[in-house]
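This report is written for a reader who is new to protein structures. Please keep the sequence and the model in view while reading.

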Amino acid sequence: MSRIYFFDTTLRDGEQSPGVSLNIKEKLEIARQLTKLGVDIIEAGFPVASPGDFEAVKTIAQNIKGVTIAGLCRTSFADIDRAWEALKYADQPRLHTFIATSDIHLKHKLCKTRPEVLEAAVAAVKHAKGYTSDIEFSAEDAFRSDLDYLCQVLEAVIEAGATTVNVPDTVGYGTPNELGKFIADIRERVPNIHKARISVHCHNDLGLAVANTLAAIANGAEQVECTINGIGERAGNAALEELIMALYTRKSEYGKEAGINTVEIYRTSKLVSSLTGMPIQPNKAVVGKNAFVHESGIHQDGVLKERTTYEIMNPELIGLSVNNIVLGKHSGRHAFRDRLKELGYALSDEELGKAFVRFKNLADRKKEISDQDLEAIVEEEIRRIPEAYHMEYMHISSGTTVVPTATVGLRLEETGELIEEAACGDGPVDAIYKAIDKLTGAGGTLVNYALNAITGGKDALGEVTVKIQGEDKRVVTGRGVSTDVLEASARAYVNAVNKLVYERASGH
Ligand code: KIV
Ligand code: ZN
């Protein structure tokens, strides 16, 4: 059975999602999780794009081993040199160079002729080859390019040393039949195609990215470029979790192997959603909240009699625990630690201690603590960046006939001093945020606020995700959880302010 290589571009194309900005620590954490998930290649960023992108690629190249690390660059030598500066620390570095090949892009964007683009592509591959043998060439907007010309370019770059040739449907225009035929034609017409691996990179503008990628696989593509939760430029990229579960569930149809460790899918999806602040729609295939929920009585009856009546995938396969109600008020540290271990968390003693305090506080307010609750509080604790401000307390006065007022106490981590402020607002959340603004002078603008219940029931944990934009236009995501949604709102905002402070201080 032949093998499909998974090229994950969550940290590059995924980060191009509108409103998403990850700091280095967050990128490194996602890269670690992608390694556990078993992707073959991690595209860590576009080093020339910004100093932050450069540092992120370099840090990932230095710290993440046992997987290929790719860095994107245009065909200019300066781009390639800069990408190599960051990538050279990787065990298995890959230079990924690209230039558009469609006439639309040539005429309106690049202002170059076809021979000029061909020449630039070949020169870039030869230059990159001076650094490493693993070279990927992408023909941007390949699907809308003239097939004869595209085949000429691919033949020339393979001759120059490209080991992977990527065929992007950059604007998500293709249909499955067309994509399948396109790949089959390339295989037939490019004489030296056997010397390189064919890759596809499908965007989701028409909701066809996964279907198009699968059609390409059926016609000989061996590498798929995708992102977790399908995030990416505009409507996003092909969703990794959907591709792998299609290949797994329909092995008889596709007959392909892959190195993905499917039980890490759920955790990876949650991590990416939480760090990017991009919620997962409930009906999202594979990882949506409703993906394994049976609402109709007939369906529930069927599943109780035999799971496969209405379930084509076992939720445990993607790492979704079915052991839901686990701990409560009387559970001790030991049971807590054991359950976390089963959920895949290896915490240090210090992290465990902090998480246990949060767990006990939660257990006072909530009778039954599910795995999702545990994950939410543990992730909040272990993902804490160094805090400039620690939330000590908040008091709210609100109602239908009073002006909402909040008093917030923050502790300055540097001096240990407790600082307090009060503010009025249009609502209690507004009042809290105004009080925090007065205390921190962070000067951020709230650009997004989302509240989500982690589990069902009146005592559910509320998860608040906020995005704030600093004066330097940097957008950060903050997250807070609590059974009290106002407390979760305050925690999320303080978390975002701490990130702004941290990123400014570390220069990323
Ligand atoms: O969509 C696209 O064409 C890309 C390339 C840079 C691979 O992201
Ligand atoms: Zn793309």
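## Basis of the model

This is a predicted model, in which local features need pLDDT of at least 70 and side-chain atom pairs count only at pLDDT 80 or more, while totals for chains, interfaces and linings use all residues. Residues are numbered from 1 along each chain as its sequence is written, chains are lettered from A and ligands numbered from 1 in the order in which they are written, and side-chain values use heavy atoms, with hydrogens and water left out.

Polar contacts are pairs of N or O atoms within 3.5 Å. An oxygen atom of ligand 1 lies 2.6 Å from a polar side-chain atom of Thr 170. For His 203, the corresponding distance is 3.0 Å, and for His 201 it is 3.1 Å. The protein buries 94% of the 260 Å² that ligand 1 exposes when taken alone (Shrake-Rupley method, 1.4 Å probe).

## The zinc site

Asp 13 (OD), His 201 (NE2) and His 203 (NE2) coordinate the zinc ion (ligand 2) at 2.0 to 2.1 Å. Donors are N, O and S atoms within 2.8 Å of the metal (3.2 Å for Na, K and Ca); water is not among the atoms, so sites may look incomplete.

His 201 has a relative accessible area of 5% and is buried, and His 203 is buried at 4%. Buried means under 20% relative accessible area (1.4 Å probe, protein chains only).

Conventions:
Polar contact = N/O pair within 3.5 Å; in protein donor to acceptor, adjacent residues only side chain to side chain. Buried < 20%, exposed > 50% of the residue type's maximum accessible area, 1.4 Å probe, protein only.
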